[in-house]
Amino acid sequence: MNFEFPDTALSVAGITNYIQSLLEEDKILRQVWVTGEVSSANHHRSGLFFTLQDPDGTAGIKCVAWNSQVAKLVQIPAVGEQIIILGSIRLYPQRGEYQLTVWQAIPAGVGLQALRYQQLRNRLLSEGLFDQQRKRPLPSHPQTIAVVTSPTAAAWGDIQKTLKHRYPGLQVLFSPATVQGEQAPESIVKAIARIERDGRAEVLILSRGGGAVEELACFNDERVVRAVAECSIPVITGIGHQRDESLVDLVADVCVHTPTAAAELVVPALSELSAQHQQRIDALYDAVYEVKVTAANQLRTLRNRLQRVGLDRQVKQEMQKLAWKRQQLLQVTSRRSQQATQHLEMLRQKLATLDPKAVLNRGYAVVRQENGAIARTATKLTVGQELLIQLGQGEVKVKVTQVTTKTQED
């Protein structure tokens, strides 16, 4: 046989690192569930080392649960026990061996059901369906609520009784469903869909009166979980078990452990509302009374301050001063008016003495030439010249027949 030698060859570390990357970066092997029987177990100061193998002994895998994780294990691995473990594959280059680092170990008594439950839970968790940010608050005063449960279950009777007692007159939409057995998941999904199509309900109660683990399997069914997650109104679960939360409990907006508790939480009690209303009335009365008392005290304080200031006396004094000044103003005005009247009369008399008409009325006349100029001296007049004589009453036209002049000596 002929061999063709390569130019280069991988080192042991190289091939080991390559295998390590394949194993540790594989998405499935990072978080894998493995079931088997514990064939050996050894408690070491750093952790619990054990081997998990198939019951027929055809295959085995080494496992380790470090001390920080051992206290969190539901089931401590012991030789001869059937368990289911959750872990990740790690490779140790020095020994060229791979090992399963264990995060959780649970009894295999529940078999594949527990394994499927955990795998589904992890998948839904990775999708964010259990995140608190998705949780919606319940309406404070719903007028219409929906209930999904079995019509023959005691849970339905408990819910009706509680709702009637706490909030009479509430509209309840009942959407019956099978809550146990193989048909239960599909039945619950259809019941929720009926509520969605109706569109009147403001909140939904999904309930059952408890039962064994296998009887509650429908509330871990992926179809039911997604129907609750996609419901357009808030969902509160009251499935009647306290030991373990179902997947529906984890995805619901609110979860409680009994149907009665769900009914009590979904609506307020009228008695409580009445008491709260009375408390608000009392608080309002106290507030108004306090304001009234405060205003009365302020008014009394201001009245006392006014009395101390003597405002009434000051107002009276100011009114007396105002009356005195008014009297003074009247006297001054009257005196000045009288003086003005006397002065006016004097001016009128002077004006009368200066009035040409008054002079004319006393027998004097005004002589005007033809051009309208007043004839003041005889020397400027000629014989035959026409003159206009203005008298006290009327005018006359004359002609000069003789001009006689007189000297100042005359």
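Hi everyone, let me start with Trp66, which is partly exposed because its relative accessibility is 33%, where buried means under 20%, exposed over 50%, and partly exposed in between, with a 1.4 Å probe and protein chains only. A word on the model: it is predicted, so local features need pLDDT of at least 70 and side-chain atom pairs count only at pLDDT 80 or more, while totals for chains, interfaces and linings use all residues. Residues are numbered from 1 along each chain as its sequence is written, and side-chain values use heavy atoms, with hydrogens and water left out.

Back to the rings. The count comes to three aromatic pairs, taking Phe, Tyr and Trp (its six-membered ring) with centres within 6.5 Å, where planes under 30 degrees apart are stacked, over 60 edge-to-face and the rest tilted. Phe49 and Trp66 make an edge-to-face pair, 5.8 Å centre to centre with 90° between the planes. Tyr285 and Tyr289 are stacked, at 6.4 Å and 15°. Of these two, Tyr285 is exposed at 57% relative accessibility, and Tyr289 partly exposed at 48%.

Now, is Ala146 buried or exposed? Ala146 is buried, as its relative accessible area is 0%. Leaving aside residues up to four places away in sequence, Ala146 touches Leu173, Ile195, Ala201, Val203, Leu204 and Ile205, contact being heavy atoms within 4.5 Å.
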